[in-house]
Amino acid sequence: RMRKLAKILSVGLIVCLILALLGLAGLRVYLATPQFRSLILSRINPLIAGHIHIGDHQLGLLAGRLTVSQGSLSDPGGNRVIEFDQLSVNVQWSALLNQEMVLSAVLVSKPQVMLKRTLSGELTLLQALRIVDRDHTAARDPQESATLPIAVKIGRLKIESARVDYHDPATPLRAQVDNINGMAAFDLKAIAASMNIETGTIHIDTSTKDTQLDGIRLAAKFQDDRLDIFDLQAFLKTSRVKVSGLIDNVWEQPKLDLGMHVQGHLEDVKMLTGSALDMRGAFNAQMQATGTLDNPQAHLALTYDGGQLGDYRIDSAELKLDLQDRYLTVKNVDIQAEVGHLNGSGTVDAHKAIPKGLLPFRFEHNQLAYDVNVKNVHVDASKLPFGDHSLHGDIHGHGHMTGRGIDPHQLIMSWSANVATPNLASADMAAPVDAALSNAGRIDQGE
C-alpha cells in the first residue's frame, strides 16, 4: 500500500509540476500579447491628461527585462510630445529586498522630445503628464510627494540618436538639438548623478537671427551637494569654448572654482550677436572664476591676433583684468592698429553701485565710480578715417578721467588730456608746424 501511495503521490506531483509549467508558459505567452498591453494601458491612460501609445513590447518577468517599441506620449490635444523607437529596461529584483528599485540598464533609442509652450506659458509635455483627479481627493503635501518611498537607482542610462525641439510662439523662439548621445547614472534618493553627453548641431532661430552651434560635449558628476564639471565644450564653426571646474554647496550658497578657455574667431561672434559690423580675426581668452555666486572673483586675459573691426585694421590687441569684491581692475589694454597705438588701464568700483552683491541684483547706476588712465596714444595722422588724408605727422597724447555715475543729470566727472603733434603738415600748409593741445575740466551733477 505504501508503494502504491508513493506512486500516486509521484504521479500527482508530476501532474502539478506540468500544470504549473503550463501555467507559467501560458502566463508568459499572455504577458507578450497585445491584449495584456491594452489592459495595462487602459489602467494607466485614465490617470493622466495625455495619452500613451505602445506599438509592441516584450516582457521577461523572471529576468526583469522589458522592451517597448514604437512608443509615444501625446498631449490632451493629440499632439505628440515624446516618441521613441525602443525603450529597454532591466530591473534588478533582488534589490527590492533592501527597499531599493534598481534599474541596472536603461536604453532609449531615437527618442524625440517636443517641448512647446502654450500661450499661457505652460509646456505641453507637462500638460500631458498632469495627473487627473477623478475622485476630487485633496492634494498631497508637496514635501510628502517629493519624498521617494524607496531608493531608486539607474545604473546605466544610454541614449542613442535623440532629438529635442523647443518652440515658444510668444517669443517667437525655436530651438532644435540633433543627434544627442550619452551615458548617465542616477541615484534619485541621494540626489546624485553622473553623465557624459554629446550633441550634434544646435539650431536657435528667433525673429531676428538664426544661430547654429556645431555641438556640445558634457562630462559631469553631481554628488554630496557638489557639481564637478570635468569637461564642458561648445563648438561653433571656427571657435571652441571649454569650461571645467566645480560648483560646491549648490543648494545653499554656491561656491565657484571654474576655468574657461575660448579659442575663437570674430566671425562667430558676429554670427552669435547678429551684428552688422565687419568683424574678423582670431582671439584667445582665459578666465578663472572663484568665490560665491553673489560676489565672485575673476581673472581674464584676452589676446587678439589681429583682423578687422569696422573700418579699422587691427594688428593685435591685449586685455587683462581682475574682479575682486565688486572692484574691477583693468590692468592693461594695449591695441596696435594700422592707425596707431593705444595703451591704458583703469578701475571700476561697484561697491556702492551693487551694495548687496549680484544675488539679489540691484544696480545703483549713479553710485558707479570709475578711473580711466590713457597712458599713451600714438596716431598716424595720415591714417585717420576722416578728412582728405593730406595730413602728415605723428600725434602723441595721454589722458586721465575719473567719475561717478552715468546719468547725465547727476554725473560727476573730471578729466585732463594732453596731445602734441610735432611737424604736423598738410597740402594746404606752407610749412610744417608743431601743434599741442591741453585740456582739463569737471562736470558736477550734470552742470
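The following paragraphs go through a predicted model, from the whole chain to single residues. Local features are taken from residues with pLDDT of at least 70, side-chain atom pairs count only at pLDDT 80 or more, and totals for chains, interfaces and linings use all residues. Residues are numbered from 1 along each chain as its sequence is written, and side-chain values use heavy atoms, with hydrogens and water left out.

The chain has five helices and 23 strands; these are DSSP runs numbered from the N terminus, with helices being H or I of at least four residues and strands being E of at least two. Of its 447 residues, 30% are buried. Buried means under 20% relative accessible area, exposed means over 50%, and partly exposed lies in between, with a 1.4 Å probe and protein chains only. Among the contacts with a separation of 6 or more, 43% join residues 24 or more positions apart, a contact being heavy atoms within 4.5 Å.

A search of the whole structure gives 13 salt bridges, each defined as a side-chain nitrogen of Lys or Arg within 4 Å of a carboxyl oxygen of Asp or Glu. One of them joins Arg-37 and Asp-56, with the closest N and O atoms 3.7 Å apart. Arg-37 belongs to helix 2 (residues 34-44) and Asp-56 to strand 1 (residues 51-60), so this pair ties together parts that are 19 residues apart in sequence. Arg-37 is buried at 13% relative accessible area, whereas Asp-56 is partly exposed at 39%. Another salt bridge is formed by the side chains of Lys-158 and Glu-160, at 3.4 Å from N to O. Lys-158 is partly exposed, at 35%, and Glu-160 is partly exposed, at 25%. In the salt bridge between Arg-280 and Asp-278 the closest N and O atoms are 2.9 Å apart. Arg-280 has a relative accessible area of 40% and is partly exposed; Asp-278, at 32%, is partly exposed. Salt bridges with shared partners also connect Arg-163, Asp-165 and Asp-178 into one network.

Asp-178 sits in strand 7 (residues 173-187) and counts as buried because its relative accessibility is 18%. Its side chain makes a polar contact of 2.8 Å with the side chain of Gln-176. A polar contact is a pair of N or O atoms within 3.5 Å; within protein, one atom must be able to donate a hydrogen and the other to accept it, and residues adjacent in sequence count only if both atoms are side-chain atoms. Leaving aside residues up to four places away in sequence, Asp-178 touches Ala-162, Arg-163, Thr-199, Gly-200, Thr-201 and His-203.

Some backbone features deserve a look. Thr-171 and Pro-172 are joined by a cis peptide bond with omega of about -15°, and Pro-172 lies in the loop between strand 6 (151-168) and strand 7. Within strand 6, Ser-161 has a positive phi of about 55° although it is not a glycine. Arg-326, also not a glycine, has a positive phi of about 65° and is found in the loop between strand 17 (312-324) and strand 18 (327-337). Ser-161 is partly exposed at 34%, while Arg-326 is buried at 17%.

There are two aromatic pairs. Rings of Phe, Tyr and Trp (its six-membered ring) pair if their centres lie within 6.5 Å; planes under 30 degrees apart count as stacked, over 60 as edge-to-face and the rest as tilted. Phe-222 and Trp-251 are edge-to-face, at 5.9 Å centre to centre with 75° between the planes. This pair links distant parts of the chain, 29 residues apart: Phe-222 is in strand 11 (residues 215-223) and Trp-251 in the loop between strand 13 (240-248) and strand 14 (255-265). Phe-222 is buried at 15%, but Trp-251 is exposed at 59%. The ring centres of Phe-361 and Phe-363 are 6.3 Å apart and their planes at 20°, so this pair is stacked.
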